[in-house]
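Hi there,

Here is the structure I promised to pass on. Have a look at it first, and my notes follow below.

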2 protein chains.
Amino acid sequence: MNDSSDRAASEAQIRALIEARTEAIRAKDVSRATAMMATDALLFDVVNPLQYAGVEAVRKRLAEWFSSFEGAIAHELENVSVAASDDVAFSHSLNHVDGVKKDGQRIDMWWRATVCYRKIDDRWLITHEHASVPFDVATGKASLDLKP
Amino acid sequence: MNDSSDRAASEAQIRALIEARTEAIRAKDVSRATAMMATDALLFDVVNPLQYAGVEAVRKRLAEWFSSFEGAIAHELENVSVAASDDVAFSHSLNHVDGVKKDGQRIDMWWRATVCYRKIDDRWLITHEHASVPFDVATGKASLDLKP
């Protein structure tokens with residue numbers, strides 16, 4: 001393959017990974033949603049603490065989040081942008097979740113997501129993920145009701 | 001050069017860019033701090049709104065932030081991690097600022113930063129930056145007092 005078809009192949013692989021992960025999150029499947037994460041992946045999550053280091057910490061956090069919902073969750077990504085070389089890539093998007101918490105609270109929120117990938121032993125892995133909402137300077141509150 | 005020295009050169013270039021930018025932020029110099037940003041750079045910032053699209057929006061936001069401080073600001077990065085191929089790269093770090101706002105409030109805070117780069121016309125440019133603090137689920141407040 002030439003360089004530009006390599007790039008196109010890499011981008012297609014990253015987009016397929018994103019799609020598989022989005023599906024796994026809809027299914028609230030922790031194993032599938034973290035199967036493509038590097039062992040030493042570092043997560044900057046929407047909620048405290050400052051960081052989650054290692055895929056085990058990410059799995060625990062994700063299991064906790066999934067189980068906080070009563071039933072099914074809707075999940076979609078918008079404005080997905082991907083840049084990929086042959087072994088380093090990143091993506092960013094606006095991510096949406098809609099579901100009902102076990103305490104009856106409806107969660108219908110958007111967050112910002114940036115995901116970083118490396119191809120290791122011929123396989124794309126997520127080595128870093130950054131998910132967040134901004135905050136309102138006037139109130140100090142996290143902005144949970146913003147929409148793209 | 002062989003592939004691995006290319007990678008080392010790319011990583012060194014990204015680390016130099018990060019250092020130059022950190023210096024520019026210490027100097028509260030908007031032009032220098034954004035000189036390496038792509039025209040269509042997309043910023044997910046610590047504060048509202050959800051996103052800032054384009055380097056002009058980023059410049060305006062940065063000018064506003066710099067001018068909110070009374071005097072000099074201290075600024076440092078910790079846990080800087082860089083992954084670079086020949087034309088796609090990313091970095092992440094924990095960033096610190098310490099300064100006094102014009103209203104007399106001391107700002108001594110850490111945030112999470114993820115920065116994404118592309119080499120365009122033989123020059124590394126920031127095409128995307130994600131900066132945030134997490135929030136406390138119990139209070140809904142942004143966590144401005146976390147430390148690494």
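Does A:Asn48 count as buried, exposed or partly exposed? With 14 C-beta neighbours inside 10 Å, A:Asn48 counts as partly exposed (buried means 20 or more other C-beta atoms within 10 Å of a residue's own, exposed 12 or fewer, and partly exposed in between, with C-beta atoms placed from the backbone).

Two words on conventions. This is a predicted model, in which local features need pLDDT of at least 70 and side-chain atom pairs count only at pLDDT 80 or more, while totals for chains, interfaces and linings use all residues. Residues are numbered from 1 along each chain as its sequence is written, and chains are lettered from A and ligands numbered from 1 in the order in which they are written.

Back to A:Asn48: you will find this residue in the loop between strand 1 (37-44) and strand 2 (52-53) of chain A (strands are DSSP runs of E, at least two residues, and helices runs of H or I, at least four, numbered from the N terminus). Leaving aside neighbours within four places in sequence, A:Asn48 is in contact with B:Pro134, B:Asp136 and B:Ser143; contact is taken as C-beta atoms, placed from the backbone, within 7 Å.

Now the sheet. In chain A, six strands form an open sheet in the order 2-1-6-5-4-3, with mixed pairing (two strands pair if DSSP finds at least two bridges between them). Strand 2 and strand 3 (74-84) of chain A are at the edges with a single partner strand each, so one side of each has no neighbour in the sheet. Strand 1 and strand 2 of chain A pair in the antiparallel sense over two bridges, and A:Leu42 stands opposite A:Ala53 in strand 2 of chain A.

On to the two chains together. 38 residues of chain B are in contact with 38 residues of chain A. Elements giving two or more residues to that side of chain B include strand 1 (37-44), strand 5 (106-120) and strand 6 (123-132) of chain B. Of the interface residues of chain B, 100% are also interface residues in chain A, so the copies meet through the same surface.

Chain B can be laid on chain A with an RMSD of 0.0 Å by a turn of 180° and a shift of 0.0 Å along the axis (superposed by least squares on the C-alpha atoms of residues with pLDDT of at least 70 in both). The two copies are therefore related as by a two-fold rotation axis. In chain B, the C-alpha nearest the axis belongs to B:Lys141, 2.1 Å from it.

Best wishes

Notes
Two residues are in contact if their C-beta atoms, placed from the backbone, lie within 7 Å.
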